[in-house]
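Please read it alongside the sequence and the structure shown here.

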Amino acid sequence: MNAAWLPLTALATSLLVAVTIFALPEEARRLRTTINIGAAVVKIILVTLMVRRVAAGHEDIFSFQVIGGLDFVLRIDALGVMFAGLSSLLWLCTTIYAIGYLEGSANRKRFFGFFSLCVASTIGIALADNLFTFLIFYEMLTLSTYPLVVHRGTEQALNAGRVYLRYTLSAGVVLLLGAVLLNNLTGDQSFSSEEGLGDYLNDHRGLLTLIFILLVSGLAVKAAMVPLHGWLPRAMVAPAPVSALLHAVAVVKAGAFGILRVVYDLYGIELSVELGVITGLAVAASITIIYGSLRAIAQQELKPLLAFSTVSQVSYVILGIGIFGPFGTVGALAHLLHQGLMKVTLFFCAGNYAEELGIHRIDEMDGAGKRMPLTSIAFTIGALGMIGLPPVAGFITKWYLGVGAIQAEMYWVVAVLVASSTLNAMYFLPILHRLWFRPGPSHGKGSWPHEQRLGRLETHGWLLWPMVFTALISLGAGLFAGLPYSPLDWAARVASGEYLP
Amino acid sequence: MLASFDVIEVLLALCLTGSAFVCLFDRHLVRASCFFFVFAGAMVLAWLKLGAPWLAASELLLGVLLTGLCFFYALGLLSPGASAPLKHDKFSHPWSRVAMRVVLALAWFVMVGAAIRYVIGDMMYSPAEHPLLLAGVLIAALALAAFALHRHLFRRLLAFNLLGSGVFILLAGVAGTSAAAQMLISVGLLVACLGTMLGALLIRQLLHLEGVEALGRDGKPQRSKA
Amino acid sequence: MITLLLALALLWPFGVMGHAVWLAYRAPEAQRDYFSVLWLSAAWPALLLAYVGEAQWTMDAWMLGGEWELNSLSRPWLAFTALLWSLAAVHARGYFAAEQAQAQRGDQDAQRRLLRLALLWPLTLLGNVLLIIAQDIASFYLGFAVMTFAAYALVVHTGTQEARLGAKAYLILAVLGEGLILGGFLWSAGAADTLMLQGVRESIVSAEHGAWMAALLCLGFGVKAGVIGLHVWLPLAHPAAPAPASAVLSGVMIKAGLLGWISVLPLSHAQVSGALAQFGHWMLVAGLAAAFAAAVYGVFQRHPKAVLAYSSISQMGMMTALVAMGLVAPDVWPLLWPGLVLFAAHHALAKGSLFMGTSISEHLPRWPQPLVWALLALPGISLAGAIGAGMVSKWGVKAPLYEMHHESLIKLLSWAAVGTAALVSAALWRQWQQRHQGGSNREQWGAWLVAVIAALLTPLWLPLPAGSIEMPPLKEWLGIMWPFPVGVLFAAVGWLLTRPLTGKTLPAGDLWGFYAFVVGAVLVPIRAFGHCCGRLKSASVITAQKAEETLMGHLTRLLSGESWLRHHTSGLMMMLAVLLAALLMWEGQR
Amino acid sequence: MTWRFGLFDSTFAPLVSTHWALLVALVFPLLMGGLAALFPPKRAWPVVLASVPLLASGGVLLIAFQEAGLLGWQWEIAGLILSLRLNGLSVLLLLTTQCIVVAAALYTPGHFRLTEPGPLARWLWPLMGVALSALSLIWLATDLLTLYIALELMGLAAVGMLMLSGKAPALLAGMRYLLLALVGSLTYLLGVALILGQWGRLDLQGLAEVIEPGPVAWFAAALIGAGLALKAALFPLHAWLTPVHENAWTPVSALHAGLVIKASMFMLLQLWSILLPDTFYAPRIIAWLGLLAIVWGGLLAWRTDSLKTLVASSTVAQLGYLMVAFPLLLGPDIAPLPRALAWEGFWLQLVGHAFAKAAMFMAAGNLILATGEHTLKGLAGTSRRLPLSLLVFGIASITLMGLPPSSGFTAKWMLLEAMIITQQWWAVAALLTGTLLTAAYVFRMFRYSFDETAPRHRYQPLAPGMDLIAMLLALTAFALGLLAHFPLELMHGGSP
């Protein structure tokens, strides 16, 4: 039984929300909030439904013909549902957070409209079943995030937006070229087809490699791989929920997810190995991991530090793709979710510090643990996860990546992982030290840069609870990774689909 | 050779070419307009000669009367109260531009001539047999060159009209005076007339709004952003 | 029932932490008792658990698949660990009494420090307990990491310059160690596709690079166990840490490294490869080197806790050597390990009571002085193997070695015990020199006394397999006891010899200075390179901006061509027509 | 190639209702235009009423085509044969034209109410009617005479409309446009003269059969090509375009950029496919010029300070996309697949651009109207005050940039594919460069509008429908991307 309405409804939920929000007047705050949260909840229910259907072995497809030989196809598969689940879960959190964060500021209608559009794009990316459909939502994502990046409208924000566009649109063009070349070579290639492109290997080896490079370099810009990462730290000028979304779910993950699709579903892992591109991917990812960490160490401000940390962490996913074998794949897939959860927590925390206490620089964080204990605990959980310490989710993926690397006999990857953990510790532990072990304004030494008392608790409830929730989830995803339907379990399910016939 | 020599046609052709030349390249605008009357009159005769009385009538009405009046209106001679009648074209052209236009006109002439040679196979052997056709080619080339050369809007308008006439003669020359050709020409005449009327109105309006300088501003780099 | 107890043992510390948080945010300042009975009880369920019996738990949902076990190894280990934690907690209540009073008076700093300690103490304990019962890698690593990082608070507690240095050294080496452990685990587990410690052991035996895996893991755990070269944090951290913290650090946490070795190394495995046996030899050498070098260096320390830290290094060196025997001579291990566990347990309690003793000597109770000092010396003497449990534990390891004819090692160990004796006497001497009267309280000396007694009577309460430990036969007593007087003698002679150099002592943390120098030297070119890159980047940015400006200028000039185009449109049209015609003709004529 | 233009005999004769629909489509606009000149509508509802029969006629023609396939009409008047045909392409273009003109007409009353356009305003209506009729005729006509008449009518109407604003720069630009358009027509006429002289007939279907490659066909093609290129504002001959739009009224600009220049483009392609079915270089010349057009137009739009110039220059670049596709449509040895792809892509691009450009002009007009500023810098802060206009502009520019899922994207996808199959890499490069340049100028505009630090203007409120109409147009262009199947299906059928 094909429930074609399911993928379409999932997509339409956030699209309709976007349209509705644009149609509502700026002042209709309450209604907008209700619609936003309601739709997010509906989306989660839909995704849950999808999970159940995928687990039951159904494949729901919605498709129509755009032009001859080219279809618009949405399909629910395990990998897509994984990404959709991440985005819908974090959408709820980020929406709640953003409502609190933007309380009383201007242009909220525009913000939430594009925010919903952005999430609709990620859902589309998740459910797209061919490169054409993927490309549609991929570019839609670029466009819908631009207004979010420049939201503040300052000179700095506008410049960041320009840089962002330069990178992403150029990447889009490269991607388009790759997609058209591929379409030309193979016709409309569904992500769900079992064969991969193995048939073309003998005659078109060079072309296939070229297309792979085009596609991956186009996607790598969004995934912020060195040297295509320049936009990400600059995009930090955006409001905290945007940074959270950009870093955790929408943009960087879209890039990483795209690479996943290309390698596993389009080319097929065997072909990628045969072409030898996969090792290149692993090397590039390793360089990115180390480079990002090194740059993060040098940062003085919290958000750029987190940005470089993202540069480094997202490449774990790519690294996992670059490791041939089920463990690498599981690691990559699980990290897609884990990193999202942890990074969103960290950005929420950074936003809370900035909102409540006006903290932007790392050296202003002394003793903030006392003033904002829950935020600081969440930050600690996120940071430990980034380092890869158990029991936070980061450890699980690091483990799978490492084991995968050993099994693929890529021993240097383990060295990279260990080095990265150490470097992560080098920039996160000092912050934790400052948070918990240094006396600061809350102990009567100096004062906070710009303190506001936003709520009865340590800060506004809308800001606090999403963060606590994501922190708990990232902790739980590590502690109870063995539970059915945990990220790890789902990743293993996807991976077994890739490697087992 | 002489036997096929039609004196009237040759005279008409000469008259057309000559008046067109003066009309195109005389800086004295009133005189040029007067010569346009001469040219248009010759055109009427040419149509009669070619056996198209209907066209002759339209030419008389549209070409001579309306278009001519339009020119005088544009020059400010019809309404005595109008500001500053136009007399002379005072815009100058650099030599390079003139040379360029001459080369282009030659090329154009050769091209159109060659094209017609292919259509009317025998013309190559007796070019003088079709003096009107030859005049048409010449006028078309000259008029186009003048159109490209001049900056003064009035003179460009004039050049356009002559170009139109040249093209019509060519059309009649190569295609005869079939119904289709006559129809094309009459439409062309009508359009030329309408265009000229519009142009004349515009010229007056521009003169009224901006003065003489505006008529030659075409192509000059726009004044730097104020 | 036992499962319930396990859950209680693991969750109880959380309850304790919750109580501490509640105290901090809800209770009025003056009534904050950071070391309440609840807090003291953090380790009690775990202690109880050790005595309930053997059990096994498997949990698929737990991380990568959990497998916990209370077996003949983990039970005694848990027992001495939990016991020392309990005692140290009681001691802490006394030790921090003054600070607590300060906090109740409203001193923000004291409140902060005590809250931190009250929170992280149970967490450290939790990690320690978890790593003991864990049989799967993830749980073990989790417990190890939690313990390691939470213990930072214990080290840094006072917040003085020295404490921060010690904590820094501790943390840096801990991170390094965690990295090595992770690498080793990944390698060995990946090679054998396993998630259990058992699998790691098998993997190390069977894998081609087993020795390297073992080396990574050993070095990683060695950070905690104070292997020579990686030991530098011990003498830096201990003097700075509060006495109860030092007691657990040196008593049980350091043993976690030992347990790590025992868990991951394929000891007693008959078919160890040549490389692995080779590695065992290296480890043996390293252990003995640590045992002697630490003793030689340690006696010249000024601070009694630093001396004790070196003593720990020395003792751990001995244990390293014994573990290495499991690789070098696998057949000896089944007989050796109960002795080793007893050795570890006894050392834990004895070292714990020695460290607690340092706080007693700083706040001497109003008892007869000879009694106090005798009591202070007792665990030291026992540690040197002259009396009580020390003697039994010495015999516990000696006997199997005798049986398997490793007399040379016994001789070396005996000489190492001389070092131990010298160290404890030096420590006592330093305590004597730095003694203070007054300020003691009940909890402080009570816990200490119990620890001393427990140390002396270790074999009696340690739940080792029945019959694995026996009293040494009388004729061996001399062979066991002789190192103590010799050691005291050595210490005295050494003291006499070095008297002229009075005032000058060797710095604690020997190699730390060297390491810091090396790292600093390495960082200089890296920093220079970084600056160079930064300059290069800014230079290229400027160049790019300039180039962009120039380019824009050219572009603007180029675009003014638009008006030229506008001017020449009709001419261009002619040209286009002619060009097209010519082109078409040319193409047609070909 | 000529069959694609419907130049073959139809199987069915048109029904009576179809005759009436044709009549309505061609004559009704004139009537309504005249009526509106007498009684200028002050509100949108009379326009709505007037547009109902018009759109209905388009609908009837669409249904007629879908039922019967190609339809043909022929009349003989005094020895002249006038012929029309209705194939998928003409239906598509006819509907597009009607939609855009109706939208422009609906937009006009609101625009006039806010701008106080002066006494000449009432003449806009008849001129608009004439333009619509002439455009419809161009899509339908299949003989050179009718085409010439329609072309001239359209040209004059367009010039008239553009100059109605009556400002001096507008007049100057309009005068230039007038002269050039007339000269262009004469050049075209010269080409027609050669054809008439050689083959003695003007109906395209007959010509397609008799014309053989030879000097006359080539000369005629060159002359017609140059003349129409001038009128279509193809690259080196485009320079008259921007000043014209700079000063024209918004609905007029929308009509002109969206449709009028496209008509010349349509004729150029149609006539060349008859005259030069197998030439290699001429289409390539156009394509290379197209490459230059993309770059030049993009650069112009990128560096300009005026919003309207930006939009107008973008037209130049967008025409470049169409020009670049010429070698895929005309020339020897083009495989059927790329030719079909390019054909569909070409028209989709044309239609999509028509809608998008009309919407963009309206949005730009709204912004200018509301802020009172013509420069980009004047837009600072509009994102807060005029989000809807800006959104329309954004949606339209997505189509122009060729980003998914707009029609521009789908068209570009098809063109790219055709180019790749035929290995025309430079054309691929041109298309991709065009995307980036378009993005550069579009987002330059957005950059200004998102500026929150600028001082606040007083904004003039807009009439209620003005943004809505523009939005509908923009959305149409946008939706045609994913729904491209429907318009393209129209062009599938109908091979003889």
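Residues 134–359 of chain C are 81% helix and 0% strand, and the end C-alpha atoms of this span lie 34 Å apart. Helices (H or I, at least four residues) and strands (E, at least two) are DSSP runs, numbered from the N terminus. The model is a predicted one, in which local features need pLDDT of at least 70 and side-chain atom pairs count only at pLDDT 80 or more, while totals for chains, interfaces and linings use all residues. Residues are numbered from 1 along each chain as its sequence is written, and chains are lettered from A and ligands numbered from 1 in the order in which they are written.

**Annotations and domains**

- UniProt, in an unreviewed entry, places the feature "domain: NADH:quinone oxidoreductase/Mrp antiporter transmembrane" at residues 134–359 of chain C. UniProt positions are given in the numbering used here, feature names are shortened, and annotations may be inferred rather than shown by experiment.
- Chain C is assigned domain 1 (267–502), domain 2 (509–559) and domain 3 (566–590), with bounds that come from an automatic or database domain assignment.
- The centres of domain 2 and domain 3 of chain C, taken over C-alpha atoms, are separated by 55 Å.
- For chain B, UniProt lists "transmembrane region" (unreviewed entry) at residues 6–25, 32–48, 60–78, 98–120, 132–150, 157–177 and 183–203.
- Residues 32–48 of chain B are 100% helix and 0% strand, and the end C-alpha atoms of this span lie 24 Å apart.
- Residues 98–120 of chain B are 96% helix and 0% strand, with end C-alpha atoms 32 Å apart.

**Contacts between chains**

- Among the 5 pairs of chains that touch, chains B and D have the most contacts. Two residues are in contact if their C-beta atoms, placed from the backbone, lie within 7 Å.
- In that pair, 34 residues of chain D are in contact with 36 residues of chain B. Helix H5 (144–163), helix H6 (168–199) and helix H8 (215–232) of chain D each supply at least two residues of the side that touches chain B, and H6(D) gives the largest share, 20 residues.
- By class, this side of chain D has 27 nonpolar, 5 polar and 2 charged residues. Ala, Val, Leu, Ile, Met, Phe, Trp, Tyr, Cys and Pro count as nonpolar, Asp, Glu, Lys and Arg as charged, and the others, Gly among them, as polar.
- Chain A has 28 residues in contact with 30 residues of chain D. Strand E1 (61–67), helix H5 (131–149) and helix H6 (155–186) of chain A each supply at least two residues of the side that touches chain D, and the largest share, 12 residues, comes from H6(A).
- The side of chain A that touches chain D divides into 16 nonpolar, 8 polar and 4 charged residues.
- Chains A and B do not touch, and their nearest C-alpha atoms are 25 Å apart.

**Helix packing between chains**

- H6(A) and helix H18 (residues 425–449) of chain D pack at an angle of about 160°, with axes 10 Å apart. Axes are lines fitted to C-alpha atoms, for helices over the stretch in contact, and angles run from 0 to 180 degrees between N-to-C directions.
- That angle makes H6(A) roughly antiparallel to H18(D). Angles under 35 degrees count as roughly parallel, over 145 as roughly antiparallel, 65 to 115 as roughly perpendicular and the rest as oblique.
- Residues making this contact include A:Leu158, A:Arg162 and A:Leu165 of H6(A) and D:Leu432, D:Phe443 and D:Arg447 of H18(D). By class, the contact of H6(A) with H18(D) has 10 nonpolar, 3 polar and 2 charged residues.
- Helix H18 (residues 411–437) of chain A and helix H8 (residues 161–192) of chain C pack at about 155°, with axes 9 Å apart, which makes H18(A) roughly antiparallel to H8(C).
- Among the residues of this second contact are A:Val414 and A:Leu429 of H18(A) and C:Leu171 and C:Trp187 of H8(C). The contact of H18(A) with H8(C) has 9 nonpolar, 4 polar and no charged residues.

**Helix packing within chain C**

- Helix H11 (residues 233–240) and helix H14 (residues 304–328) of chain C pack at an angle of about 140°, with axes 8 Å apart, which makes H11(C) oblique to H14(C).
- The contact involves C:Leu234, C:Pro235, C:His238 and C:Pro239 of H11(C), and residues of H14(C) including C:Lys305 and C:Tyr310. By class, the contact of H11(C) with H14(C) has 8 nonpolar, 2 polar and 1 charged residues.
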